[in-house]
Amino acid sequence: MSIYQSAVKKPITTALIFIAVMLFGIFSFTRLSVDLFPEIETNAIMVLTAYPGASASDIENNVTKPLENTLNSVSDLKHITSKSRENISIITLEFEYGIDIDVATNDVRDKLDMVKSVLPDESENPIIFKFGSDDIPILLLSVTAKESTNGLYKILDDMVANPLARISGVGAVSISGAPVREINVYCDPYKLEAYGITVETISALIAQENRNTPGGTIDIGSNTYSLRVQKEFADANEMLNLVVGHYNGKTIYLKDIATVQDGLEERSQETFNNGEKGGMIVIQKQAGANSVNISKKVLEKLPEIQKALPSDVKLGIIVDTSDNILNTMDSLKETIIITFIVVMLVVFIFLGRWRATFIIILTIPISLLSALTYLLVTGNTLNIISLSSLSIAIGMVVDDAIVVLENVTTHIERGSRPKQAAVYATNEVAISVIASTLTMLAVFLPLTMIQGMSGILFRQLGWMVSIIMIVSTVGALTLTPMLCSQLLRLNPFQGRLHKLLFDPIDKGLGALDHAYGRLLGWAVHHRKVVMFMALAIFAGTMIFLFPIMKTEYFPTQDNSRIGITIKLPAGTRQDITRDLALELTEKFMKKYPEIKICNVTEGAADSDNTFASISDNGTNIISFNINLYKKTEREKGMLEIVEEMRNDLAEYPQIKTFQVSAGGRSGGVGGQNAVEVDIYGYDFATSDAVANELTERLKALDRVNEVTISRDEYTPEYQVDFDREKLALHDLNVGTASLALRNRINGSTASYYREDGEEYDIKVRFSPQFRQSVEDIENILIYNGRGEGIRIKDLGTVVETLTPPTIERKDRERVITVSCVVPNGMAMSDMVTLVKAELNKMEFPMGFTWQLGGTFEDQQDTFKDLITLMIMIILLVFIVMAAQFESLTYPFVIMFSIPFAIVGVVLGLVLTSTPMGVMAMIGLIMLMGIVVKNGIVLIDYTILCRERGMGILYAVVTAGKSRLRPVLMTTLTTVLGMIPLAVGGGEGAEMWQSMGMTVAWGLSVSTLITLVIVPVVYATFAGNGIQGARRKELKRARREARRSAAQLN
Amino acid sequence: MKAIFISYNQAYHEEILEIMSKNNIKGYTYWDVVRGRGSRGGEPHLGDHAWPTLNAAILSIVEEEKAEPFMQQLHQLDIKSEAMGLRAFAWSVEATV
């Protein structure tokens, strides 16, 4: 018994099985977590090797080079980049996307073991460090406080950071902008000198005095007591009364030579929220945790935390990454619902019957929900890709059901009972339904095999659509016949309204059939004209439109976030940086009412703020985190604002470089495209000159407004150049002398002050007013073993120099990267052309080469992969069709619809001036499967007509007329199903617009042309075939005639 | 005794069984898939690409008096929806064992 027979015979079982499938789907839907993209595993490993005291070029030669040479042999390595700066070498290994990073890490570790012996003895062991998208903060909270500023760090640490860190899934919680408490002991060097006391003495003394010591146990009488000395400072001011020495019989207390300040650390990052000073709390998630869930949990916890805080401390949200994700998902869900309604209307208009429409529409939720079960089982999330696959599939899943239902209706009309009709009609079309699903699988299953970044993104799409197609086919072969047998009736009663509505539609469709029949009749009699016209259309598009089509990588998403990094000249004082930061904040807030929150941080970060310390920081660096109102709530687009901000920043001459990143500094897919030029070459000065020339040239072009050079400038610094002979003369060495210098300026951490279970540093150093000039440094006294004090100016000189910048290398060669952000409204391909033109105009010195990297390189790689994939898919589709028809000619004829799909795509992209990106490319790949379906339907029926004994031309026209409605219906459901994707304006819509556009345009144009060209090509081939057969027959007849004539003779 | 051979569109099967039971005809031989085409009019039932429908066939040996009404009712069924296709043939049975 066939599957459809059992389904019709057991309606209850069938219905319940599908209800179970739906229940599973609904269950999965409630359990699935939400994310923006499928999980992208980190593809970079950093190797950090410290070599204290070595200069940048020493590091490059002795550490970086040997490491690079060895690490280069790790498999799947894409690029190896390195930064060699003073004391440290940082090597970044970039792997192909989709590799197992743990295996790669092990490989790297093995290689490091091998190379360890070659490294200098003084260098430390290389450390492996993985940095991925998981390390990007998911939430930035702002803190404003009026009175509690001094104790802010402790308040935040105890009452905000700790409770938040306890939430499962939350990784690091760091506080920035709230300085840490520190006990400063400020010494007066003149008084020290007068009493012959050094900073080191004081430091050691404090360490000795600030002690709690257990003294063991003692038996007294019948008891045992423990003995303790408890002399840790209970108050910082206790230190003032420490005795530091005696001078001329008098006791000298610490208060005589120093002041003690229970204050804040001297250098720290400062944060301003909307111009108000406060702090920032950075929340990162644990690797693999879901950001939306964690954000939700954190936000739920916040009111509770807020209640416990002092009344003047207010928490706010600067960036909530989940906000954008949820909004994007909402707009996608909206799109899916609209698509569903559109498809339903199309089916209803064509069929004109509610019951039939219901039967067909029912396959949509069933197949979509089953795909959700797949997502849950495989541990995936609801994301842009998985949801847009649902949207794509809606228009396609109904096709199979339509074919089955149509045939069942025909049988019923012929007089069959619904039950029998359902079984036998399904039996007749089962093979072609399965075959058309196979062509779709031939397209979507290979998508699951793409490598690289796009592979991660589209694997899910491939699986989702494949599963949806399979389930919809199973549904069409079981559920649809079952429902047909239960619900369909011969000549159902039709109300007056129904007649009023559908009679004109029916007439219109009838007229269309007729007109199409006539067009086809004309076309098959003028085959050469038609073929020539088709060729002209194709060639015209390829010659005139294809070259002006623009390309890009991924579209930039308007996620309402802007990140700005501004660098002032190296060594700028923090006060000046702060003033500029505040000035800019005020300006931006006034000029752009779209800004919701403007958070700015400047200054050097302390080491315990993980997020801040891996991002750029320093007294000359300002970084903005700007949050705009929602996309739908403002008039100006994010990119426009970014553009204007760049122009604003360009007006400040004191700004050395700035970088305005649309979409925040989140990296990955959806940011603004940038073209990077890697200039390879050894010599520092020459490469600087080349990079500068290129930058100037690019900046001179209009519209280009952000060009940055990767290499930092030389940083000014003071060096104390000790003279070894003089040192030796005074029984000193560089170690002692430099340590003394450090203790006086940077301070020495004497001990820790404990309060409420927290430890704070006690730092001893010179008062700030005694370390403000070169003379102050020169006058520092250093004591030798004999107790003689010698000034630094007697031991060496203080000179002003410049430290060379970090040495950057890529693929084992020195490199300097000039990156140029593609301006709003310009496609990346245009920018690449411009940059290339400028590069060609420049004269490169000997030994210098350039290469385009960045987004352009990614785009090229991905496009190469996708084009290979497309060719493979076309071949697979051909194979499936050839198997179905058991012929090589018919699939070839049907393949004629593919070039016109490309024509449609090019036309659509050029007309709407949408660039061709990865998403559009995926749309094009999907088209390969979708467009041939129409051809299959047409050719299949034509063959059937021929087998029923019709002549070629008559068969072609009859088949065309009869198949027009099903072709139009399935095409319209797909095209109209794509339109909500293509024109959607919600948050995140940029991402899928081009894909929707590609499929809608490609399929419409291809269908219109296919309806004419495929029958015409078929007629030509079939005609040739018959002529060939006739010719053969004629020859055979002649031969026989000759033979019989010869016999007669 | 009359032998009645009915070749009909598969979809008729249940209806024919109903007619037989109404006429109290118990015995029959049934082929669920047979292929064939008629000599005058009607679509062939060949189960191939061009003519996908299939026939079934029943051979039933009935008493003389039952044969006539049975054939009549089959004819009624046929003219109700001629496009489906149903043919019945009757001939005399010479001997049975």
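Two strands count as paired if DSSP finds at least two bridges between them. Keep that cut-off in mind as you tour this predicted model, which scores ipTM 0.84 and pTM 0.81.

**Stop 1: the sheet of chain B.** Start by colouring chain B by confidence: its pLDDT averages 90, and 100% of the residues score at least 70. Now select residues 2–9 and 55–62 of chain B. These are strands β1 and β3, which run antiparallel and are joined by eight bridges. To find your bearings within the pair, pick B:F5, which stands opposite B:L59 in β3(B).

**Stop 2: where the chains touch.** Chain A brings 13 residues to the contact and chain B brings 11. On the chain A side, select α12 (384–414), α13 (418–447) and α28 (918–947), the elements that give two or more residues each. The most come from α13(A), with four residues. By type, the chain A side divides into four nonpolar, four polar and five charged residues.

**Stop 3: a strand pair in chain A.** Finish with residues 715–722 and 796–803 of chain A, the antiparallel strands β22 and β27. Eight bridges join them, and A:D721 stands opposite A:T797 in β27(A). How many of the eight residues of β27(A) are buried? The count is zero, so to speak a hardly covered strand.

Technical notes. Residues numbered from 1 in each chain as written. Chains lettered and ligands numbered in written order. Predicted model: local features only at pLDDT ≥ 70, side-chain atom pairs only at ≥ 80, totals over all residues. Contact = placed C-beta atoms within 7 Å. Nonpolar A, V, L, I, M, F, W, Y, C, P; charged D, E, K, R; others polar. Buried ≥ 20, exposed ≤ 12 C-beta atoms within 10 Å, placed from the backbone. pLDDT = per-residue confidence, 0-100.
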